[in-house]
Amino acid sequence: MEEIFYNRRGTFSVRKRTEYSIYLVLSALLVFIQLFIAHYSNRRIDEEIAYHGKALSSYAWELDYQGVKQYMSLAVNSYAYGRARFFDMSTNRIQGDVSGKKPNRIDSFLMELGVLRSTEKEVELFHGDELIGILTIESYNRYVYWQFYLFLVYILVFFITYLIMNLARARQFLEERVKLRTADLEEEVNSRLKAEENLRMTLDSIGEGVISTDRDGIITGINPVARQMINISLKDAIGRLLEDVLDIRNDEMGSKRENPFRDILEMGSLNHVKGHSRTLVSRSGEKYLIVESGTPIRSQKGELMGIVLVIRDMTGEFKLQKQLEHSQRMDAVGQLAGGIAHDFNNMLGGILGSSELLESYIGDNDMAVQMNRLIHETTERAAELTRQLLAFSRKGGIEHTPVDLHDVIAATASLLERTIDRRIEIHIDLKAEHSEIFGDSSMIQNVIINLGINASHAIAGSGNLSLSTRNTYFDEDYCRSSPFEIEPGAYLELAVEDDGSGMSEEVKNHIFEPFFTTKTQGKGTGLGLAMVYGTVKQHQGEIRVYSEVGKGTSFILSFPLLEISSQKKVTDEVTPPPGTETILVVDDIDIMRLTARGYLEEAGYTVITAEDGYEAIDIFSRDPSGIDLVIVDMIMPRMSGKECFFELRKISPSLPVILSSGFVNNDDFRIMKLKGLSGSISKPYRGRELVKLVYNVLHRENIPPV
């Protein structure tokens with residue numbers, strides 16, 4: 001992608017310079033604000049201590065040492081000083097020495113790191129011009145917290161900027177690819193037309209409509225294809241003017257086109273214009289998208305004898321061309337999503353992990369808790385956005401997790417209420433006693449949304465949309481007769497019903513075909529119900545449709561029910577006991593290694609990290625028995641996660657291996673599963689998810705399907 005942008009008039013290099021400039025400005029701004037905070041904090045501490053010195057002058061002059069101590073104690077407690085001392089010049093003795101509270105856990109931790117430092121400052125006390133004493137205060141520069149929060153905000157802004165710039169480059173890359181593909185397709189269509197114009201000059205042996213005229217424009221011949229398109233008999237056509245027989249319009253609803261006979265005579269030929277078609281309206285009212293070509297017929301002496309007009313029906317080809325262009329765009333979006341998902345999920349995983357690990361250090365600082373919660377929630381939303389993008393592009397696959405369909409229906413109904421016409425009433429009737437299935441909640445929600453929106457389009461004005469569930473059982477006879485590959489057992493049925501216009505049998509037979517739509521141009525892609533059909537099949541379910549014109553439509557979706565015993569088992573959230581094993585974490589991203597290490601060490605495990613597959617093989621080969629489990633990233637430089645997995649299994653065939661990645665090629669993932677992959681976890685993950693999976697794999701308990 002970078003080469004394409006660079007080779008097209010320097011676009012890539014300009015965008016790169018812009019991106020680097022933005023990063024440089026952000027970094028410079030961070031440094032400036034950090035320096036300002038450091039300067040401001042030192043000045044502020046000096047002002048505070050000077051203020052205390054003025055306040056103590058009266059006590060010290062009156063030799064009220066009790067008042068001096070009380071004031072210093074108040075100042076130490078109020079400003080969280082480490083220590084305050086008063087040296088009396090009249091007695092040459094320290095008359096007050098007050099120590100503050102011990103630093104809390106976070107302060108102690110930051111002091112060990114050298115981030116939070118203690119400073120000792122003195123201020124002289126005067127009464128008039130007479131020096132009466134010296135006040136010494138030890139204080140902590142806690143303005144470093146401001147610097148820390150600013151740094152977190154900077155990281156978040158940096159990642160958001162990185163994403164925006166990459167999306168901008170990707171958008172231009174996509175536009176360039178579409179233009180190139182479209183141009184190639186147009187050139188191919190044009191060259192094919194020219195070849196056909198030279199080869200197909202007889203009336204009855206080709207598949208295009210061919211009409212020949214004399215020098216006055218009177219039809220002398222017309223082949224069966226042309227007669228069928230115009231809906232005219234040979235007897236009625238021969239001997240009539242070409243312009244009286246043909247009704248060609250510049251577009252579907254445009255004005256009638258000028259006589260092509262004159263165009264051929266004036267221009268010497270009539271050629272198809274790239275990317276442009278006209279509409280032929282037959283005598284029965286049927287419309288065809290056509291392209292025209294023609295050439296004069298001349299005698300050996302060069303005298304004009306007439307013309308030959310070739311009319312080609314492009315209705316189907318133009319439809320296929322649009323479908324191809326749409327498919328190419330979808331494919332490009334899918335490649336884009338897969339390409340950025342891994343890196344983006346690594347970033348989100350680092351932010352989410354750091355945010356979770358930071359919770360134990362924040363304590364009772366309300367501002368810090370609030371800002372950390374904001375970081376956490378923002379990262380969760382960004383992760384959900386990535387999952388939706390992968391699901392749309394069919395790169396994400398199904399997350400095999402327990403899903404309560406009733407919860408999904410409730411959330412989706414709330415969304416539909418704000419989306420469809422408010423005159424349509426949504427009714428919910430959840431009769432199913434058991435409502436948990438295995439599947440992907442996002443994909444199921446998209447199914448309900450598609451069916452709900454389609455239902456709203458079928459309702460003119462006010463109407464009703466119903467979502468209901470019930471439990472049912474499919475026996476072997478029913479499963480054998482079903483067009484879907486389903487297994488006997490308990491199922492959960494979801495019925496989406498409306499009282500709209502309904503469908504005819506002909507329409508109903510095609511509704512699940514890709515690109516089939518009854519909506520007007522630009523109102524629908526014809527992919528919505530195809531996606532519904534594919535999602536139901538991926539969940540090992542079935543879908544049935546009942547509809548009559550004027551009586552509404554019912555879609556009945558059936559999903560295999562999660563066993564009741566499994567439902568109870570899933571809902572019991574048990575915190576795994578502390579671990580004692582040694583785990584090798586392999587990831588090329590520093591922040592992901594640190595995050596995983598922090599999660600696992602908190603859970604009691606010993607953690608070894610490796611930057612890539614080669615380092616992991618080297619570490620493991622030195623002490624295979626000392627490592628109990630390996631967590632490996634899928635996409636890494638030099639050696640991929642798949643290659644590392646097979647090298648590790650060569651050394652120890654029984655070694656438990658967990659795959660961790662933000663994006664996985666389904667073929668590679670399937671091969672690793674067949675070869676004994678112990679488990680998988682998608683980035684960004686939370687600490688409890690990782691710890692629970694590690695515990696289950698090590699103890700061979702409750703391992704979710706991979």
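Predicted model: local features only at pLDDT ≥ 70, side-chain atom pairs only at ≥ 80, totals over all residues.
In what follows, contact means that heavy atoms lie within 4.5 Å of each other.

Helix H19 spans residues 613-622, and its buried residues are Gly613, Ala616, Ile617, Ile619 and Phe620. Viewed down the axis of H19, these buried residues fall within an arc of 165°, so they line one face of the helix. At the start of H19, a side-chain oxygen of Asp612 comes to within 3.2 Å of the backbone nitrogen of Tyr614.

Arg638 has a phi near 70°, a positive value in a residue other than glycine. Most residues other than glycine have a negative phi. Arg638 is exposed, because its relative accessible area is 60% and the cut-off for exposure is over 50%. Asn231 also has a positive phi, of about 65°, although it is not a glycine. The loop that holds Asn231 runs between helix H6 (224-230) and helix H7 (234-237). With a relative accessibility of 43%, Asn231 counts as partly exposed.

The largest nonpolar core comprises 39 residues, and within it Leu405, Leu451, Leu465, Phe555 and Leu557 touch the most other members. At least two residues of this core come from each of helix H12 (405-417), strand S12 (424-430), helix H13 (441-458), strand S14 (463-474), strand S15 (489-498), helix H16 (528-538), strand S16 (542-548) and strand S17 (552-560). Leu405 illustrates how such a residue is surrounded: apart from its neighbours within four places in sequence, Leu405 is in contact with Ser435, Ile444, Leu492, Leu494 and Phe559.

Aromatic rings provide another view of the packing. The structure holds four aromatic pairs. In one of them, the rings of Phe474 and Tyr478 have centres 4.4 Å apart and planes at 25°; the pair is therefore stacked, since planes under 30 degrees apart count as such. Phe474 is buried, with a relative accessible area of 4%, whereas Tyr478 is partly exposed at 27%. Ring pairs also join Phe474, Tyr478 and Tyr491 into a cluster.

The rings of Phe645 and Phe646 form a pair with another geometry: their centres are 5.2 Å apart and their planes lie at 75°, so this pair is edge-to-face. The cut-off for that class is over 60 degrees. Phe645 counts as buried, at 0% relative accessibility, while Phe646 counts as partly exposed, at 25%.

The cysteines complete the picture. A disulfide is a covalent bond between the sulfur atoms of two cysteines. The structure holds zero disulfides. Cys479 is buried, with a relative accessible area of 9%, and Cys644 is buried as well, at 0%. Both residues count as buried because their values fall under the 20% cut-off.

Terms used:
Residues numbered from 1 in each chain as written. Heavy atoms only, no water. Core = buried A, V, L, I, M, F, W, Y, C linked by side-chain atoms within 4.5 Å. Buried < 20%, exposed > 50% of the residue type's maximum accessible area, 1.4 Å probe, protein only. Helix = DSSP H or I, 4+ residues; strand = E, 2+ residues; numbered from the N terminus. Phe/Tyr/Trp six-rings, centres within 6.5 Å; stacked < 30°, edge-to-face > 60°. Disulfide = S-S within 2.5 Å. Arc of directions from axis to C-beta. Polar contact = N/O pair within 3.5 Å; in protein donor to acceptor, adjacent residues only side chain to side chain.
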